Amino acid sequence: MAEMGSKGVTAGKIASNVQKKLTRAQEKVLQKLGKADETKDEQFEQCVQNFNKQLTEGTRLQKDLRTYLASVKAMHEASKKLSECLQEVYEPEWPGRDEANKIAENNDLLWMDYHQKLVDQALLTMDTYLGQFPDIKSRIAKRGRKLVDYDSARHHYESLQTAKKKDEAKIAKAEEELIKAQKVFEEMNVDLQEELPSLWNSRVGFYVNTFQSIAGLEENFHKEMSKLNQNLNDVLVSLEKQHGSNTFTVKAQPSDSAPEKGNKSPSPPPDGSPAATPEIRVNHEPEPAGGASPGATIPKSPSQPAEASEVVGGAQEPGETAASEAASSSLPAVVVETFSATVNGAVEGSSGTGRLDLPPGFMFKVQAQHDYTATDTDELQLKAGDVVLVIPFQNPEEQDEGWLMGVKESDWNQHKELEKCRGVFPENFTERVQ
């Protein structure tokens, strides 16, 4: 019997909730059609608009703060690896080795302390601040439903009063329901009327405290880091004094023989040294009886097109021509080989289909330099080394400073669907490659 009673109560609640939803839906339809008036509160609506704006701003601040923390962590890892490299190359007999190792340890501790304080004094405070919004948002929605219930009860009571045949019992019951609906609505309305303006005004103090904490922590961090850097500089100055005769001097490369950007090579050795005449390694066919080598070319005048150049002793491959021309400018062998490989690659790839396989609107490529963990559904999850094809935002106004829209090259090659693959990512985690 108890189980039946329990099931009956549950079924009764379900039926009551369904009836309420139907009544509210009917009331909203009548209000939209203009057949029933709707209770308006412009002051409360303004409070709701402020609340939504405050929630949007807080959510964005939380997202950017998490990105900042991720960048700090990435910088910590990069600084740690750099310090480890210094420890490895610092030979045991060099003076100041213990001091350099101690500085590296303090550097690591300083980064960890900075990151932890940012979490404690900024991120956790941010999470607490945003933690109050979901409850208030739920109460605003509930207040809206209770307002519809109040309007519905009011209209029902008014319709019974204006009916030709009045049923006093029904009118009394409708009046009772109206008073009950009004009381529930007004209790929620009064509470929100007090809380929403107070929450809106609190934003100024919260923003001030948050950014003061971040600025103060960053200032102290850089002060302490500056001291460590000065100590490291003193250690290295001491090392230089004891090994001054072996100081390495960086020599500038001659401008007239500098290779193109992207094909860096060591500067040529001085004339007269054994390496002044580079070894040019070019594949030649066996020299014909005529005496002219297959790799020799007749010099072209500046106005002569490339197609009209004459080759002595037979046809020559594009890579061999490039190598021969590079040899004439007395470049080192490594430059000639690099240049030859580049030309061969260009010739082999010249028959390709171009950029038809790239997403529409493609602008350039970037490569992730650090791992990035997505904190929202519209973000890309990146691993160091991932190549991303950058595309424009559909709505340029939605682009936040420091963020790009793109699709990982691997995802695009596999799916060819922008809607499923594209997302935003922080630009400072990547480096442009094309």
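## Aromatic cluster

In this predicted model, ring pairs join F51, Y129, F133, F206 and Y207 into a cluster, and the structure as a whole holds 10 aromatic pairs. One of these is formed by Y129 and F133, whose ring centres lie 5.4 Å apart with 70 degrees between the planes, an arrangement that is edge-to-face; the label applies because the angle between the planes is over 60 degrees.

Both partners of the pair are buried by the computed accessibility: Y129 has a relative accessibility of 5%, and F133 has a relative accessible area of 1%.

## Packing of α2 and α4

Two members of the aromatic cluster, F51 and F133, also take part in the contact of helix α2 with helix α4. Helix α2 spans residues 42-89 and helix α4 spans residues 133-161, and the two pack at an angle of about 150 degrees with their axes 12 Å apart. The two helices are therefore roughly antiparallel to each other, since the angle that counts as roughly antiparallel is one over 145 degrees. In this arrangement α2 passes α4 in a left-handed crossing.

On the α2 side, the contact is made by F44, V48, F51, Q54 and L55, which meet F133, I136, K137, I140 and R143 of α4. By residue class, this contact divides into 7 nonpolar, 1 polar and 2 charged residues.

## Surroundings of L160

Helix α4 also contains L160, which counts as buried at 18% relative accessibility. Leaving aside residues up to four places away in sequence, L160 touches K166, K170, I171 and A174. For A174, the separation from L160 is 14 residues in sequence, while the C-alpha to C-alpha distance between the two is 8.1 Å.

## Packing of α3 and α5

A further helix pair is formed by α3, covering residues 97-131, and α5, covering residues 168-242, whose axes come within 10 Å and cross at roughly 175 degrees. Helices α3 and α5 are therefore roughly antiparallel to each other, and the residues of their contact divide into 17 nonpolar, 6 polar and 5 charged.

Key
Residues are numbered from 1 along each chain as its sequence is written. This is a predicted model: local features need pLDDT of at least 70, side-chain atom pairs count only at pLDDT 80 or more; totals for chains, interfaces and linings use all residues. Side-chain values use heavy atoms; hydrogens and water are left out. Axes are lines fitted to C-alpha atoms, for helices over the stretch in contact, and angles run from 0 to 180 degrees between N-to-C directions. Helices (H or I, at least four residues) and strands (E, at least two) are DSSP runs, numbered from the N terminus. Angles under 35 degrees count as roughly parallel, over 145 as roughly antiparallel, 65 to 115 as roughly perpendicular and the rest as oblique. A crossing is left-handed if the near helix is turned anticlockwise from the far one by less than a right angle, and right-handed if clockwise. Contact means heavy atoms within 4.5 Å. Ala, Val, Leu, Ile, Met, Phe, Trp, Tyr, Cys and Pro count as nonpolar, Asp, Glu, Lys and Arg as charged, and the others, Gly among them, as polar. Rings of Phe, Tyr and Trp (its six-membered ring) pair if their centres lie within 6.5 Å; planes under 30 degrees apart count as stacked, over 60 as edge-to-face and the rest as tilted. Buried means under 20% relative accessible area, exposed over 50%, partly exposed in between (1.4 Å probe, protein chains only).
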